[in-house]
Structures are given as C-alpha cells and as structure tokens.
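Colleague: I have the two-chain model open. Can you walk me through it?

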Amino acid sequence: MQRQSRDHFDASTIPDDLAPIATVLSGMLPGDWRSLRPLIDRLKCVKCGLCWLYCPVQCVVEKPRWFEFDLAVCKGCGICAQECPHRAIAMVEEAGR
Amino acid sequence: MTTATRESRLASNKPRFAVCEGNEAAAIGVGLARPDVVAVYPITPQSSLVEHLSQMIADGRLQADLMNVEGEHAVMSGLQGVALAGGRTFTATCGPGLAFMFEPYVRTPGLRLPMVASLVTRDLLSPQCVWGGQQDAMVVRDAGWIQMYCETVQEILDTTIMAYKIAEHRDVMLPVNVCHDGNYLSFGVTRVELPDQQDVDEWLGPPATNWHIALDPLRPMGVDPLTGGAGGAGPRNFVRYRKGQCRGMQNALRVIAEVHATWGERFGRAHAPLVEEYRLDGAEYALVTIGSMTGAAKDAVDLARDRGEAAGLIKIKTFRPFPLRAMAEALAKVKRVGVVDRSVSFGWNCGPVYQETLGALYHAGKAIPAVSFIGGLAGADITVEHFARAIALTREAKAGAAADEPVWLNEND
C-alpha cells in the first residue's frame with residue numbers, strides 16, 4: 001500500500017471545507033460534563049482498590065490512607081459507588097459550577 | 001486511441017476481447033484499476049462479482065488484499081480505514097446488503113473518501129424477492145454518493161475504471177456507486193473490449209485517497225471530531241463541511257464529463273457522461289429512461305420512428321449529482337414526456353426519476369404533460385412492447401392530465 005506521508009505536515013494546505021479534521025487538541029475533559037460527583041467516606045474506605053480497578057476513565061488516585069478522584073477527569077458515571085463493597089462512595093449532585 | 005497504443009497492442013499477444021457477464025466485466029474493471037484492498041460480502045445478484053474478484057486474487061492476476069468480513073457493515077467500516085491509510089478500495093453490494101451497510105455508507109461521503117462501490121441494483125424487501133430493480137439505489141439517492149447507471153456490459157467495465165478517476169479528482173473527493181441492473185446486466189453475457197493494463201495505469205495514475213484526511217502518525221490529526229450543535233463554532237463548522245460536500249457534488253458534473261471525454265480519446269469508446277439524447281431531432285415527445293432498460297426503449301423508439309411518429313429518448317446516466325442543466329436542455333426540445341422508473345417513490349405515488357424530471361422541467365421553464373411509468377420491479381422484463389405502450393400513452397398525454405396515478409407496465413403480466 002502506498003503511503004503518502006510528508007515529513008512536515010501542514011494542515012493549512014488542505015481546504016478547510018473539505019473533510020472534518022482537527023489538528024489542535026481540545027481542552028475538554030470528561031469532568032466538564034459531570035452532573036454527579038463521587039464523595040468518599042475515608043472512615044469506611046479499606047483501600048481495597050476495587051474503585052481504582054473499575055473506573056472507566058482511570059480517574060482514581062491513590063493516597064496514603066484512601067483513594068481520591070481526579071475531578072477534572074471523572075465523568076460522574078457512578079460505577080465506583082456501585083461497586084464499592086463498603087458503600088464508602090456516595091454520588092452527590094454537582095451544584096454551582 | 002492513439003496510433004502508438006494501437007501499434008503496441010498489435011505487437012502484443014494479449015487477448016483484447018472477452019465474452020463475459022456484467023459482474024465479470026465489473027471485476028475486470030476493478031482489476032485494471034489495481035485496488036489495494038477489496039472487501040465484499042456476497043449477495044444476490046452481486047455474488048458472482050465477488051467470486052470473480054476472489055478468483056483473480058487467488059490466481060495472482062490481481063495484487064490486492066481480500067478482506068474476509070462478517071457482513072456489509074464491516075465491509076464499509078474496514079474500507080474506510082483502508083482509504084484513510086492511503087489505499088484504493090473496492091466493494092459491491094445491493095438490496096438488503098446495502099441496507100445493512102447503511103450506517104458507515106452514509107458516513108463515507110462526509111469523510112470525503114473517494115471509494116468505488118458497485119451497486120448491482122435489486123428491488124427491496126418485502127414482498128420477498130431476489131431480483132433486479134432500482135429501489136435500493138433510489139433509496140440512497142441522497143446519501144451523498146455519486147451514482148452512475150450503466151446501460152451495457154461494456155459500459156460497466158469502462159465506468160468502473162472511470163469511477164476511480166472521478167472519485168479521486170481533487171475537486172470531487174466523493175465515493176462513487178457504479179450501478180448496474182441486477183440480473184439483466186449482472187448476468188447478461190456479451191462481448192467486451194478490454195483496455196490494456198499499461199494504458200489504464202497511465203490514464204488513471206496512482207491512488208490519492210488520504211491527502212486530506214488520514215490515519216498517519218507523521219500527519220497527526222483528529223479524524224471526524226465532534227461538530228454541530230447549537231453553540232460555539234459547532235454550527236458554522238458543520239455548515240462549512242456540508243457546503244463543501246455539496247460543492248464537491250456540483251464539481252463532479254464537470255469532472256464526470258471531462259473524465260468520459262479523456263476516456264473516449266484514450267480508449268476509443270465514448271459514453272454519454274450525464275444525459276444521452278437519442279433521436280430528439282424533430283421529436284415531439286420523449287421517454288426518459290435509466291439503466292439497462294434503455295436498450296429495449298431505443299428499439300421501441302426506432303420502431304415508432306419507422307411508423308413516422310415523432311418519438312425520442314432521454315437516458316440518464318448520472319443521477320447523482322443530478323444533471324439539471326443537461327436534463328433541462330434535453331427536455332426543452334420536446335412537448336410531452338414519459339418517464340420510466342424501475343422503482344417507486346412511495347410518498348409521491350410515482351417513480352423517483354419522474355419526480356426529479358418534473359424538477360428539471362421547472363428549471364427549463366416548462367409545464368408540459370408528463371406521465372410516470374413504473375416497470376421492471378423485482379426482475380420483471382420491460383419489453384419493446386411495454387415501451388411501445390409507454391410511447392403511445394406519452395403521445396396521447398394531455399395538458400393538466402399529469403399523473404395522479406402512475407402507469408404500472410407489468411400490472412397484467
């Protein structure tokens with residue numbers, strides 16, 4: 001198969017109405033459209049790591065004594081709260097953002 | 001044909017003719033265009049096209065990868081990846097297969113991927129049938145693919161090769177459906193002239209499928225990011241791409257004519273690119289036809305002329321983009337028109353080609369008597385006798401009588 005790559009790619013050589021492409025990264029992260037936020041009860045958390053395992057966007061961050069969430073990335077799906085065997089995670093409504 | 005090519009052909013021992021069915025002619029055309037990847041799922045009446053291609057690849061006559069897939073949806077999705085990686089592609093389908101392909105099929109023109117796909121046209125279910133008709137192609141007439149309908153087996157071969165040149169033209173960059181009638185053309189066996197591989201290579205040039213949108217680490221880009229909606233730059237981005245797509249379609253009218261002209265110069269066979277006017281000189285009324293039915297219709301027109309009647313014929317080859325100007329010019333020459341469809345526009349109670357012919361008449365500034373004929377559904381034959389009846393009814397068509405009801409040609413067969 002023929003490859004038509006160029007060493008120095010210049011997107012401006014392509015007509016801007018031809019095909020839907022993007023060459024600039026979008027700053028949007030899953031957290032931008034979250035409506036529920038996970039809230040962790042540190043007294044209940046036994047650090048089993050199931051939330052870390054199940055999170056589809058891998059936003060669970062390990063801390064010395066519990067797990068925390070990177071809220072820029074968390075999309076609020078609630079899978080962690082559903083799977084937590086100790087009911088240590090509650091999903092609370094986002095407000096005032 | 002140039003003198004040089006004629007001499008080099010005389011010097012070679014290669015067979016220059018073949019006797020084959022329409023599906024094999026399409027496969028031969030594909031082979032001459034040297035695609036990188038072929039993915040086809042068999043479906044009646046297209047199946048022998050796949051078999052011919054598989055055999056060509058197995059015999060080493062075509063150096064292409066044959067992608068074995070589980071269905072038509074995977075065919076089109078896989079080929080999008082091939083085109084985005086820079087490869088020339090081919091597939092073929094019809095009827096229910098096209099219906100299963102629909103989701104990635106409608107996405108292809110928006111991505112401006114210059115694919116070529118044969119539609120071996122077939123009527124749609126239900127009632128259950130496995131035979132030819134043009135309902136499948138007419139259902140997708142506004143999916144954004146270019147549609148060219150062939151009249152003969154030779155035209156299938158030639159148009160299949162031309163389709164790559166049209167699709168990959170930088171002013172077009174749209175996928176092309178080469179439509180040929182299931183059963184009548186797919187299995188109709190005739191003698192065809194074979195172009196030389198070297199001539200086709202020179203005329204066609206190397207593939208140019210992903211210079212504008214690509215899966216390529218050296219040209220990092222997001223392919224088909226989210227646009228549209230009601231906020232930010234979404235609406236204007238979406239409209240810009242849609243307008244570009246429409247312009248590509250309109251450019252195709254010019255490019256299709258140019259490509260047919262250079263094909264005729266190089267290979268000595270001229271086909272009408274958009275609309276063919278047949279015996280319109282002195283014609284008072286004309287039939288409008290599309291596809292393989294045109295042969296019998298031309299015979300019927302000849303017989304009418306022999307009787308001293310002022311009949312003519314307008315054949316549509318390119319239906320998408322719609323050749324508005326060429327149709328308006330042809331229709332301007334007659335006083336009554338009868339349009340023969342091999343499919344149905346359910347909401348309008350007439351044929352789709354009839355419906356669009358009325359649109360062209362408006363652009364020609366004419367409100368003339370027009371009749372919608374529907375025939376050849378699900379493999380039915382439209383014979384010279386059927387066309388003679390259509391000609392007689394068109395001749396008698398009166399102003400203001402324009403079709404509350406279509407005339408069903410095979411109703412009593």
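Modeller: Start with chain A: of its 97 residues, 30% count as buried, where buried means under 20% relative accessible area, exposed over 50% and partly exposed in between (1.4 Å probe, protein chains only). This is a predicted model, in which local features need pLDDT of at least 70 and side-chain atom pairs count only at pLDDT 80 or more, while totals for chains, interfaces and linings use all residues. Residues are numbered from 1 along each chain as its sequence is written, chains are lettered from A and ligands numbered from 1 in the order in which they are written, and side-chain values use heavy atoms, with hydrogens and water left out.

Colleague: How many helices and strands are there in chain A?

Modeller: Chain A has two helices and five strands, and from the N terminus on they run β-β-α-β-β-α-β. Helices (H or I, at least four residues) and strands (E, at least two) are DSSP runs, numbered from the N terminus. As for contacts in chain A between residues at least 6 apart in sequence, 60% join residues at least 24 apart; contact means heavy atoms within 4.5 Å.

Colleague: OK, the interface. How many residues does the contact take from each chain?

Modeller: Chain B gives 31 residues and chain A gives 17 residues. About 2200 Å² is buried between the two chains, 57% of it on carbon and sulfur atoms. That area is the accessible area (1.4 Å probe) that two parts lose on being put together, summed over both.

Colleague: How many salt bridges across it?

Modeller: The rule finds two between chain B and chain A, taking a side-chain nitrogen of Lys or Arg within 4 Å of a carboxyl oxygen of Asp or Glu. One of them joins the side chains of B:Arg240 and A:Asp16, at 3.7 Å, N to O.

Colleague: Which elements of chain B give two or more residues to that side?

Modeller: Strand S9 (222-223) and helix H9 (234-267) of chain B do. H9(B) supplies the largest share, four residues.

Colleague: And what does S9(B) pair with?

Modeller: S9(B) pairs with strand S1 (residues 21-22) of chain A, in the antiparallel sense over two bridges. Two strands pair if DSSP finds at least two bridges between them. In this pairing, A:Ala22 stands opposite B:Gly222.

Colleague: Switching to chain B itself. In what order do the strands of the open sheet come?

Modeller: The order of the seven strands is S3-S2-S4-S5-S7-S6-S13 (chain B), with mixed pairing. Strand S3 (65-66) and strand S13 (318-320) are the edge strands, each pairing on one side only.

Colleague: What are the partners of S4(B)?

Modeller: Strand S4 (residues 89-93) of chain B pairs in the parallel sense with strand S5 (residues 116-121) over four bridges. Strand S2 (residues 37-38) of chain B also pairs with S4(B) in the parallel sense, over two bridges. B:Val37 has B:Thr89 as its bridge partner, B:Thr91 stands opposite B:Ala117, and B:Thr93 has B:Leu119.

Colleague: Which way do the residues of S4(B) point?

Modeller: B:Thr89, B:Thr91 and B:Thr93 point one way, B:Phe90 and B:Ala92 the other, and all are buried. In a regular strand the side chains alternate between the two faces of the sheet.

Colleague: Last one: why does B:Gln355 count as buried?

Modeller: Because its relative accessibility is 19%. B:Gln355 lies in helix H12 (residues 352-363) of chain B. Leaving aside neighbours within four places in sequence, B:Gln355 is in contact with B:Arg141, B:Ser345, B:Trp348 and B:Cys350.
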